[in-house]
Structure formats: structure tokens, C-alpha cells
Amino acid sequence: MDPGGRVNIFVDTFAWFTDPAHYTGSNAVQVRVFEHLELSALAVLIAAAIALPIGLYLGHTGRLAFIALNVANVGRALPSLALLAFALPIAFSLGLGLGFWPTLISLIPLALPPIMTNAYVGIRGVDRDVIEAARGMGLSEPGILRTVEAPLALPLILSGLRTASVNVVATATLGALVAGGGLGRYIVDGLALQEYDRLFAGALLVATLAILVEVAFGRFEARAVSPGLRSPADAL
Amino acid sequence: MTEGEPLIRWDWIGSHLDEIGFRLLQHVELTAIAVTVGFIIAFVLSLLILRIPRIEGPVTWVTGTLYTIPSLALFALLIPYTGLTLLSAEIGLVSYTLLILIRNIVRGIRDVPADVIEAATGMGYDNSDRFWRVEVPLATAVIIAGVRVATISTIGLVTVTALIGQGGFGFLILIGIQRFFSTELIVGAVCSVSLAIFADAMLVLLQRRLTPWTRVAG
């Protein structure tokens, strides 16, 4: 493509962003951003509600180490498009239709592994002496988990949630393939209609959103973690 | 999906073996190019990082940012420049391998125990001999661990390139979704996951061959 084409795509995309028509109606930018975040947040919340208790419990008891650690590798092998492919017949057989539900179903398994593995690794990594001391002081097992292990494992737990959230925000884009909303709409429609300004605008929006989620989570982690623990090492 | 349509129509698979074989080759080709090119770039950047440690921050930042950009968005951003081509797919796929590969290559080399390096120097190895014959072999296990993760995630990402006219098994998934034909999309998804598992097993075998001493310890 000639260099002029490259300049044009930026000019066209800028024009797309400044066109007031793209801020009204059901296809408005703010509506798509909201749909995207709503879907992503719900997926991460459901995944966390499932994966955190399992990861914390397995970490506390040290049981099923092999499964807890390998679930992350299996998770990486599951391609997002394949998850969507599996979710579609499931959603259909449950009568949930296209769009939101199959996408949600496909996003949850994607978010489970990093949350669970990081919770497990975080809890296992807590110094055994500290736990013995807590036990010696008469804390119950749930008490140890809640007041000693979980706070000490917090950096890793949060970094698992961040990995999951960024993955989910990125992958929620694919929901547009099954008639879902969100920012993937612009990319999929832009591709189908060969409207490269729309495609480019959608891609920029999704990329920015993913990076913002990553950065925002990083900031939050820095504030939420106890000052004595501020050198979080990523497990994933 | 359609009423009365079975989830899997086995006769479709039997009559489409050619198509499945073609998609398999395409999937393997897209993955192999991406991981090979990604490895070469990552290796060169890792050598630079080991020599000039202060570039580690910027390199990690750039590759980390690339890794964060959603795959579909990255492919879409490339279309105005490189079109619906193999090149667009590979630029995206290669970008995603860099973070993991660089991290493992650098860590593998840095984790080589200092006494071993001293012993090698004492035995008369010069810097480049020591690097290639002592440090790289000892780092191989960690490096291949990185290649495994990069390969598995690339095999998954290849499916997304179906949207820019490539895709391997992803093409079957996409067509299956578009035609509401569950057999085709399930075949595509199962084949893609199986390929990832198979490739991972092959790399484990490769690692065992290249680092026979780890078997004694393990």
C-alpha cells in the first residue's frame, strides 16, 4: 500500500472519532465500551467466585498440587475462539441464544486458571513458620487463612485477577462474532463491510481499554498490598 | 444449533478429511513460522539485554504492551498496512511470543550458577565458548519451557487469524459459527486443542533429549 494510504487511515480514523453520529444510538462508542466492560466484569466476577475459594482452599491444605498448578497450562492451551465455539452449542441447548450468554460462557473458563493458580501459589508461598506461629497463637484454620495467609498472598492473588481481567477484556472482543455487543462489533463489522476507519477505531479502542485495565490494576495492586510486601513476583 | 441437527455429524468428518488435512498444514505452518521467527528475535534481544542490562526495562515494557493488545485488535490494526495476508498474521503472532521467550531466555542464562561459570573460565573457555557450550546448554530447560508456552499460546492465537483470511483450524471454527454448523466448529476446536497438546508433548521430548542430565535429578 502507498504511504498516502497510511496517512489516510489515521485521518479517516480521527474523522470517525470526531463524528457525532458515532456517539448516539445503540452503536455509540460509550454504549459499546459499557457493554464491553459489563460483560468482562461479570465474567471475571463469576470466575473469581469459583476459582478463588478453590485456589485458597487447595493452597491452605496443600492438596491436589498437581492439578492446581497445571490448570494454568491447560488454560493456555484453550484457544479463545475454540472456547467460543464450544460455548455456542451449550448456550443454544440451554435456550440462551446468541450474543451475550455464549460469550460470557466462553470467557469464564479463560479467567479461571490464572486466578486459581495464583491464589494457590500465593498461599503455598507463605512462610510455614508464620503459619505455625499463628496456629500456636490459637487461630482456627479458617482464621489463619483469612488473617494470615490471604493478606500475605494478596500480591499474587491480585496479579492473577489482573491477568484474568486483561485476558477477558481482550477476548470479549470475539463476542461480536456471535452477534454480541461490545467493542468487537466495530472490528467485525468493519472487516465485513471493509470500512477500515471503523475497524481501526474499534481496534484502537479495545487495545486502549486492555492497556488501561492492566495499568489500573497495577495501580490498585500497589495501593492494596501491605507496605511490607511490596515486591510482588508474578507467578504467571 | 438448528432443530434436529446432531451436535456432531460423523459423515461430514469422513468426507472432509482433505479439508481438515489442509487446515492442519496451514495451522502448523503459521505456528512454526511464528515461533521460529519469534525465537530468533527474542534470542537476539536477550543477548542484548544480557550485555546491556539497562535496556531490559524498555524491552519488557514494549513486549509487555504488545502482549496486552487483544489479538483481534492487533490483526485489525495491521490490515490497512499489510492487508489480509500471511504477513499480517505473522507480525501479530510473532509479537505475542516475544514477552514469554525473552523472559525465559534471559532468566535461563542468568540462573546458570556462578561457580559453574567460574569453573568453565578456569578450564580455559573464552567468553563466547563458555556462552555457547556451558551457559546455553544449562539454560536449555528454562528456554524450552518458554518455547512450550509460546507454542501453545500461538496455536490458540492462530485460530483468531481466521478473521484475516488465514487461521488453520480457526477457519473451520469461524465457518462453523457463520453457518451455524456445530460439527465444523467442534472439529476445528478439538483439532486445535489436540494440536496444542501434541506440540507440547513433542517439546517435552525434545527437552529431555537436549538435557539428558535433568532426567537423573528428576
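Axes are lines fitted to C-alpha atoms, for helices over the stretch in contact, with angles from 0 to 180 degrees between N-to-C directions. This is a predicted model: local features need pLDDT of at least 70 and side-chain atom pairs pLDDT 80 or more, while totals for chains, interfaces and linings use all residues. Residues are numbered from 1 along each chain as its sequence is written, with chains lettered from A and ligands numbered from 1 in the order written.

Q: At what angle do the axes of H7(B) and H9(B) cross?
A: Helices here are DSSP runs (H or I, at least four residues; strands are E, at least two), numbered from the N terminus. The axes of H7(B) and H9(B) come within 9 Å. Their crossing angle is roughly 165°.

Q: Is H7(B) roughly parallel or antiparallel to H9(B)?
A: Angles under 35 degrees count as roughly parallel, over 145 as roughly antiparallel, 65 to 115 as roughly perpendicular and the rest as oblique. The crossing is at roughly 165°. Therefore H7(B) and H9(B) are roughly antiparallel.

Q: How many charged residues does the contact of H7(B) with H9(B) have?
A: Residues are in contact if their C-beta atoms, placed from the backbone, lie within 7 Å. Ile144(B) and Arg148(B) are among those from H7(B), and Leu203(B) and Asp200(B) are among those from H9(B). Nonpolar means Ala, Val, Leu, Ile, Met, Phe, Trp, Tyr, Cys and Pro; charged means Asp, Glu, Lys and Arg; the others, including Gly, are polar. The contact has 11 nonpolar and six polar residues, and the number of charged ones is two.

Q: Which helix gives the largest share of the side of chain B that touches chain A?
A: In this interface, 34 residues of chain B are in contact with 35 residues of chain A. Helices giving two or more residues to the chain B side include H3 (56-68), H4 (71-82) and H7 (127-160). The largest share is nine residues, and it comes from H9(B).

Q: How many charged residues does the side of chain B that touches chain A have?
A: That side has 23 nonpolar residues and 11 polar ones.

Q: Is the crossing of H9(A) and H4(B) left-handed or right-handed?
A: These helices pack at about 145°, with their axes 8 Å apart. Phe200(A) and Val206(A) are among the contact residues of H9(A), and Leu77(B) and Pro80(B) among those of H4(B). A crossing is left-handed if the near helix is turned anticlockwise from the far one by less than a right angle, and right-handed if clockwise. This crossing is left-handed.

Q: Is Arg162(A) buried or exposed?
A: Arg162(A) sits in helix H7 (residues 141-171) of chain A. Its contacts beyond four places in sequence are Glu214(A), Phe217(A) and Glu221(A). A residue is buried with 20 or more other C-beta atoms within 10 Å of its own, exposed with 12 or fewer, and partly exposed in between; C-beta atoms are placed from the backbone. Arg162(A) has 24 such neighbours inside 10 Å, so it counts as buried.

Q: What positive phi does Gln194(A) have?
A: Gln194(A) lies in the loop between H8 (184-193) and H9 (196-224) of chain A. Gln194(A) is exposed, with 9 other C-beta atoms within 10 Å. Although not a glycine, Gln194(A) has a phi of about 55°.

Terms used
Contact = placed C-beta atoms within 7 Å.
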